[in-house]
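Visitor: I'd like to learn how to read the bonds and contacts in a model like this one. Could you walk me through it, one feature at a time?

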Amino acid sequence: LGLPVVVVALPMYLAHSTVSKALNCKESLGCWPQDGVFHTRDRKCFMVAKAFEGGSPLWFLPPPSTQLEEEAKEKTCKLKACTLNDYVRQTVGFHGTGVKNCQPLTYEEMTPLQRKKMILALN
């Protein structure tokens, strides 16, 4: 179709970033209220261990279209919407002390090929 990736990705990004900005959960029915934790030994952000109970093999990643960024003063990690650039590139995995899941699908929604690509992107 020849459309630039940004033109195709922008509407999805805007929809997801709008939802992602409502992460306080007071006015949102379907959201993940947990911020992440900062492991001082590994010097990385992860989702809280309670996320493991959800059963996803990628439980340590933040929800789709979000990222965890270290809040150095608080020694914690905050859940934030992905940047447009990261969303267009569908950046996933650990970057510095943070972790990104800047793509639109949960693991369960992915096709087998998408799951394989996701796992390879994390290695």
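Guide: Let's begin with a definition: a disulfide is called when a pair of cysteine sulfur atoms lies within 2.5 Å. Keep in mind that this is a predicted model.

Visitor: How many disulfides does a search of the whole structure find?

Guide: In general, a disulfide is a covalent bond between the sulfur atoms of two cysteines. Here the search finds two. One joins cysteine 45 to cysteine 77, with an S to S distance of 2.0 Å. Cysteine 45 sits in strand 2 (residues 44-47) and cysteine 77 in strand 4, so this bond ties together parts that are 32 residues apart in sequence.

Visitor: And which hand does the disulfide of cysteine 45 and cysteine 77 have?

Guide: Look at the torsion about the S-S bond: it is about -85°, so the disulfide is left-handed. As for solvent, cysteine 45 has a relative accessible area of 0% and is buried. Cysteine 77 counts as buried too, at 0% relative accessibility.

Visitor: Which cysteine does cysteine 82 pair with?

Guide: Cysteine 82 is joined to cysteine 102, S to S 2.1 Å. Its torsion is about -90°, so this disulfide is left-handed. Cysteine 82 is in the loop between strand 4 and helix 2, while cysteine 102 is in the loop between strand 6 and helix 3 (112-122), so the bond connects parts 20 residues apart in sequence. Both cysteine 82 and cysteine 102 are buried.

Visitor: Now salt bridges. How many are there in the whole structure?

Guide: The idea is a side-chain nitrogen of Lys or Arg within 4 Å of a carboxyl oxygen of Asp or Glu. By that test the search finds three. Lysine 80 takes part in a salt bridge with glutamate 69, where the closest N and O atoms are 3.2 Å apart. That pair links distant parts of the chain, with lysine 80 in strand 4 (residues 76-81) and glutamate 69 in strand 3 (residues 66-71), eleven residues apart.

Visitor: What else does lysine 80 form a salt bridge with?

Guide: Glutamate 71, and there the closest N and O atoms are 3.2 Å apart. Put together, Glu69, Glu71 and Lys80 are linked in a network of salt bridges.

Visitor: Where does aspartate 86 come in?

Guide: The side chain of aspartate 86 meets that of lysine 100 in a salt bridge, 2.6 Å from N to O. Aspartate 86 lies in helix 2 (residues 84-89) and lysine 100 in strand 6 (residues 98-101), so the pair ties together parts that are 14 residues apart in sequence. Both aspartate 86 and lysine 100 are buried.

Visitor: On to the nonpolar core. Which residues of the largest one touch the most other members?

Guide: As a general rule, in soluble globular proteins nonpolar side chains tend to be buried together. The largest nonpolar core here has 15 residues, and Cys45, Leu58, Leu61, Leu68 and Met118 touch the most other members. Strand 2 and strand 4 are the elements that give two or more residues to this core. Strand 2 gives the most, with three residues.

Visitor: What does cysteine 45 touch, leaving out residues up to four places away in sequence?

Guide: Its contacts include Val37, Phe38, Leu68, Cys77, Phe94 and Val99.

Visitor: Last one: how do I read a strand's two faces?

Guide: In a regular strand the side chains alternate between the two faces of the sheet. Strand 1 (residues 36-39) has Gly36 and Phe38 on its covered face, and Val37 and His39 on the uncovered one. Strand 1 runs antiparallel to strand 2, and four bridges join them. Glycine 36 stands opposite methionine 47 in strand 2. The hairpin of these strands has four residues between them, and arginine 43 takes a positive phi near 55°.

Visitor: Which residues does threonine 76 touch, again not counting those up to four places away in sequence?

Guide: Threonine 76 touches Gly36, Phe38, Glu69, Glu70 and Glu71. Threonine 76 is in strand 4, and at 18% relative accessibility this threonine counts as buried.

Note on methods: Residues are numbered from 1 along each chain as its sequence is written. This is a predicted model: local features need pLDDT of at least 70, side-chain atom pairs count only at pLDDT 80 or more; totals for chains, interfaces and linings use all residues. Side-chain values use heavy atoms; hydrogens and water are left out. Buried means under 20% relative accessible area, exposed over 50%, partly exposed in between (1.4 Å probe, protein chains only). Contact means heavy atoms within 4.5 Å. A nonpolar core is a set of buried Ala, Val, Leu, Ile, Met, Phe, Trp, Tyr and Cys residues joined through side-chain atoms within 4.5 Å. Two strands pair if DSSP finds at least two bridges between them.
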